[in-house]
Amino acid sequence: MLKAKHFRHPLWTLVIAYRYYSSVFYDWKHGIRTTKIEPLSTLELTCPEHLAHANPYVASQPEDIHSVFRNLDLDFRKYCFVDFGCGKGRVLAEAVRYPFNSVIG
């Protein structure tokens, strides 16, 4: 969500608002919930000592995901797509749109 610090420069505010609301729209359109940033404090770890190696969840932007897949010069059918640490699965949701042999997260 937008915070007071985001209103320091109007153009930056527009960029942040566009990215946030396009992400929310993406989730709504696909019936998924991947936008919300998840801080490390919300993780339920079975081994708390692993928290030192963890990163908070932040969703990849849909336009960035599309750009990567569009620029891959390969025959998708020959490959299996594997996303280690796939978070809430937004990249996986896009990977299934391409003819990968399989998609694993």
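This is a predicted model: local features need pLDDT of at least 70, side-chain atom pairs count only at pLDDT 80 or more; totals for chains, interfaces and linings use all residues.
Buried means under 20% relative accessible area, exposed means over 50%, and partly exposed lies in between (1.4 Å probe, protein chains only). Helices (H or I, at least four residues) and strands (E, at least two) are DSSP runs, numbered from the N terminus. In soluble globular proteins, nonpolar side chains tend to be buried together.

Residues are numbered from 1 along each chain as its sequence is written. Local features need pLDDT of at least 70 and side-chain atom pairs count only at pLDDT 80 or more, while totals for chains, interfaces and linings use all residues; side-chain values use heavy atoms, with hydrogens and water left out. Here pLDDT is the predictor's confidence in each residue, from 0 to 100. The mean pLDDT of the protein is 84, and 92% of its residues reach 70 or more. Confidence is lowest in helix 1, at a mean of 84. Confidence is highest in strand 1 (residues 80–82), at 96.

Aromatic rings were examined next. Rings of Phe, Tyr and Trp (its six-membered ring) pair if their centres lie within 6.5 Å; planes under 30 degrees apart count as stacked, over 60 as edge-to-face and the rest as tilted. The whole structure holds 8 aromatic pairs. One of them, Tyr20 with Tyr21, is edge-to-face, at 4.9 Å centre to centre and 80 degrees between the planes. Tyr20 is partly exposed, with a relative accessible area of 28%. Tyr21 is partly exposed too, at 45%. Phe69 and Tyr98 form a tilted pair, with 4.7 Å centre to centre and 40 degrees between the planes. This pair links distant parts of the chain: Phe69 sits in helix 2, Tyr98 in the loop between helix 3 and strand 2 (102–104), 29 residues apart. Both Phe69 and Tyr98 are buried. One aromatic cluster is formed by Phe69, Phe76, Phe81, Tyr98 and Phe100. Contact means heavy atoms within 4.5 Å. Not counting residues up to four places away in sequence, Phe76 touches Phe69, Tyr98, Pro99, Phe100 and Asn101.

Helix 1 spans residues 10–30 and has 21 residues. From its first C-alpha to its last, helix 1 reaches 30 Å, close to the 30 Å expected at 1.5 Å a residue. The expected span is 1.5 Å times one less than the number of residues. Thr13, Ile16, Ala17, Ser22, Ser23, Tyr26 and Asp27 are buried in helix 1. Helix 2 and helix 3 are among what covers these buried residues. Gly31 follows helix 1, and its phi is positive, near 65 degrees.

Which residues does Ser23 touch, not counting residues up to four places away in sequence? They are Thr35, Gln61 and Arg90. Ser23 lies in helix 1 and is buried, with a relative accessible area of 3%. Lys29 also lies in helix 1, but Lys29 is exposed, at 55%. Lys29 and Pro62 are 33 residues apart in sequence and 12 Å apart in space, C-alpha to C-alpha.

Asp27, in helix 1, counts as buried at 7% relative accessibility. Leaving aside neighbours within four places in sequence, Asp27 is in contact with Ile32, Arg33, Thr34, Thr35 and Arg90. Asp27 and Thr42 are 15 residues apart in sequence and 21 Å apart in space, C-alpha to C-alpha.

Thr34 lies in the loop between helix 1 and helix 2. Thr34 is buried, with a relative accessible area of 1%. The side chains of Thr34 and Asp27 make a polar contact (2.5 Å). A polar contact is a pair of N or O atoms within 3.5 Å; within protein, one must be able to donate a hydrogen and the other to accept it, and residues adjacent in sequence count only if both atoms are side-chain atoms. Thr34 touches Asp27, Tyr57, Ala59, Lys88 and Arg90, not counting residues up to four places away in sequence.
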